[in-house]
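Have the chain open in your viewer before reading on. The walk below goes from loops to helices to charged pairs.

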Amino acid sequence: MEFFPDAKTLLSIGSLHVTWYAVLFLGGAFLAYGLSLRQLKKWGYKEELIENFFLMMFPIAIIGARLYYVIFEWNNIYIYDPIRIFYIWEGGLAIHGGIIAGVLFGIYYFRKHRCDGLRIADAIFPNVLLAQVIGRWGNFMNQEAYGGIVDASYFEHWPEFIRDKMYIHGEYHQPTFLYESVGNLVGFFLITFVYKKYGRKKRGDLAWAYLTWYGMVRFFVEGLRTDSLMLGPLRVAQLVSLVFVAIGILGIFGLWDSLFKKLWPFRKEKPVVLFDLDGTLVDTNELIRASFIHTFKKYKPGYKLREEELQSFLGPTLKESFLRYFPAEQVDEICDYYRSFNHTHHDEYVREIPHVRESVMTLKNEGYTLGVVSNKIENTVRMGLSYVGIENAFDVVLGAEDLEKPKPDPSGLLRACELLNRGHDDIVYVGDSVGDIKACKNMGAYSVAFILDKQRASEMIAQKPCAYITDMKELITLLKEDKEWSDVTI
């Protein structure tokens with residue numbers, strides 16, 4: 001085993017050579033993958049889905065990048081020695097070919113898995129710039145992607161290792177690899193930390209910004225290079241870069257959105273609308289209060305619940321609430337006692353919330369897919385829906401026993417989408433508690449705070465829901481707006 005046997009090689013073990021080009025290329029790719037995965041997991045995507053995509057897309061992109069390069073260099077290199085097509089360690093990957101191949105596969109893959117391709121692209125493409133920043137240093141180690149001849153004085157204030165590496169075939173050359181690397185790094189920071197916060201208006205804008213920025217940088221840098229792929233007298237990379245810039249600018253100005261709305265494969269569906277039960281579809285506050293007071297009289301006689309304690313029971317699961325006062329081994333028994341009183345006196349204490357019934361039925365008649373996700377057990381949920389007369393309006397009803405974890409974990413919302421055979425990129429969840437809003441935040445869903453109890457308004461607004469309403473009729477008006485139904489702050 002030998003480290004640094006030559007300028008292009010990091011490690012040699014017998015006939016096996018690990019090149020700097022491969023290490024830097026793969027390092028950039030894995031960094032982009034890690035950053036993209038981190039963002040997509042915040043949006044509720046399973047790691048397995050993203051992992052499988054990258055495992056399949058990566059070799060496809062490499063093949064695309066290699067074929068692209070080989071096609072344009074066939075007459076210069078490979079026609080005389082075709083076996084060199086497979087000598088990928090020598091360099092010769094055209095990033096444009098990799099991007100095209102990766103995008104085509106991504107369209108197929110994410111469409112198959114009911115994911116919004118533009119949302120996925122927004123998470124991935126800015127990180128591709130960072131991968132390209134690192135990958136260009138692989139070109140540097142291979143002494144490729146360089147510019148025209150310059151005098152030695154050009155490198156007077158440059159680090160020696162760059163100057164020495166740019167001494168190629170007896171002449172000094174412009175380090176165009178570095179120009180592009182720096183340009184891409186600037187683009188990464190501008191898109192990720194500036195444009196994302198202050199300029200982005202819709203899904204896809206970060207991807208369009210990537211195409212625009214990278215296209216501009218590559219166009220100008222390519223004009224300085226001496227090893228460009230050529231199509232007659234034209235530099236192929238400059239032509240493709242101009243196409244990227246045009247696609248990106250038109251995307252930012254919304255042309256593709258207008259076009260996609262007219263094409264069946266991209267036509268936007270109405271969002272799935274999910275609801276909490278208590279305090280959202282039915283007013284159970286008095287029932288909950290009476291049930292807790294009754295339960296405490298038996299299991300904690302003499303203890304008087306304060307108003308703030310009664311308020312704190314609205315939202316968490318029964319177990320979470322009772323574990324604050326009783327030993328774990330007693331909680332199941334206490335929950336059963338609570339539910340027995342709750343069910344027996346359900347219709348005595350429950351009250352309808354104004355305009356809920358007509359609003360839900362209006363949404364159903366307008367073609368929205370509706371569901372309920374509650375921390376209550378399903379039987380109790382259906383009692384409340386039946387009391388209001390809206391049980392048949394919902395395509396899915398999930399109670400506590402159906403959830404992997406209770407809210408604020410988003411697993412219940414994601415499970416509802418699976419049962420509805422819908423992706424979770426356009427989800428509206430309406431709830432009246434902090435936990436409901438947090439469940440949305442934990443998957444990037446669009447949260448609507450329904451403020452029925454004025455005492456809880458400030459704490460709900462403090463969670464920064466995407467919208468808040470005080471009358472369920474307002475939800476109908478809200479849903480008519482043309483927007484992306486996800487939390488764009490996540």
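In which loop is Lys464 found? Lys464 sits in the loop between helix 19 (457–461) and strand 16 (467–469). Bear in mind that this is a predicted model. The backbone at Lys464 stands out: phi is near 60°, a positive value in a residue other than glycine. Lys464 counts as exposed, because its relative accessibility is 63% and the cut-off for exposed is over 50%.

Now take Ala145. This residue is not a glycine either, yet its phi is positive, about 60°. Ala145 lies in the loop between helix 4 and strand 4 (149–150).

Arg136 belongs to helix 4 (residues 117–141). UniProt, in an unreviewed entry, places the feature "binding site" at Arg136. Is Arg136 buried or exposed? Arg136 counts as buried, because its relative accessibility is 11% and the limit for buried is under 20%.

Next, the annotated spans. The unreviewed UniProt entry gives "transmembrane region" for residues 20–37, 49–71, 91–110, 176–195, 207–224 and 236–260. Two of these can be checked against the coordinates. Residues 20–37 are 100% helix and 0% strand, with end C-alpha atoms 25 Å apart. Residues 207–224 are 89% helix and 0% strand, and their end C-alpha atoms lie 26 Å apart.

Stay with helix 1, residues 20–42. Helix 1 has 23 residues. From first C-alpha to last it reaches 33 Å, close to the 33 Å expected at 1.5 Å a residue. Its buried residues are Tyr21, Leu24, Gly28, Ala29, Ala32, Tyr33, Ser36, Leu37, Gln39 and Leu40. Look at the spacing of that list with helix geometry in mind. An α-helix has 3.6 residues a turn, so residues three or four places apart point the same way. What covers the buried residues of helix 1? The cover includes strand 3 (16–19), helix 2 (47–78), helix 4 and helix 6.

Helix 6 also has a place in a surface feature. Phe189 is found in this helix, which runs over residues 176–198. Phe189 counts as partly exposed, because its relative accessibility is 43%. Phe189 is one of the residues of a nonpolar surface patch.

Turn to the charged pairs. How many salt bridges does the structure hold? The count is 35. One of them joins the side chains of Arg203 and Asp426, at 3.4 Å from N to O. This pair links distant parts of the chain, 223 residues apart. Arg203 is in the loop between helix 6 and helix 7 (205–222), and Asp426 in the loop between helix 17 and strand 14 (427–431). Arg203 counts as buried at 8% relative accessibility. Asp426 counts as buried at 14%. Both residues belong to a network of salt bridges, which also links Asp116, Asp122, Arg200 and Glu484.

A second bridge connects the side chains of Lys407 and Asp276, at 2.9 Å from N to O. Lys407 lies in the loop between strand 13 and helix 17, and Asp276 in the loop between strand 9 (272–275) and strand 10 (282–283), so the pair ties together parts that are 131 residues apart in sequence. Both Lys407 and Asp276 are buried. Lys407 has a further feature. A cis peptide bond joins it to Pro408, with omega about 20°. Pro408 is placed in the loop between strand 13 (396–398) and helix 17 (411–419).

Finish with Arg306 and Glu308. Their side chains meet in a salt bridge of 2.9 Å, N to O. Arg306 counts as partly exposed, because its relative accessibility is 44%.

Terms used
Residues are numbered from 1 along each chain as its sequence is written. This is a predicted model: local features need pLDDT of at least 70, side-chain atom pairs count only at pLDDT 80 or more; totals for chains, interfaces and linings use all residues. Side-chain values use heavy atoms; hydrogens and water are left out. Patches are made of residues with over 30% relative accessible area and no salt bridge: like charges are joined within 9 Å, nonpolar side chains (Val, Leu, Ile, Met, Phe, Trp, Tyr) within 5 Å. Accessible areas come from the Shrake-Rupley method with a 1.4 Å probe; for residues, only the protein chains shown count as cover. A salt bridge is a side-chain nitrogen of Lys or Arg within 4 Å of a carboxyl oxygen of Asp or Glu. Helices (H or I, at least four residues) and strands (E, at least two) are DSSP runs, numbered from the N terminus. Buried means under 20% relative accessible area, exposed over 50%, partly exposed in between (1.4 Å probe, protein chains only). UniProt positions are given in the numbering used here, feature names are shortened, and annotations may be inferred rather than shown by experiment. The expected span of a helix is 1.5 Å times one less than its number of residues. Contact means heavy atoms within 4.5 Å.
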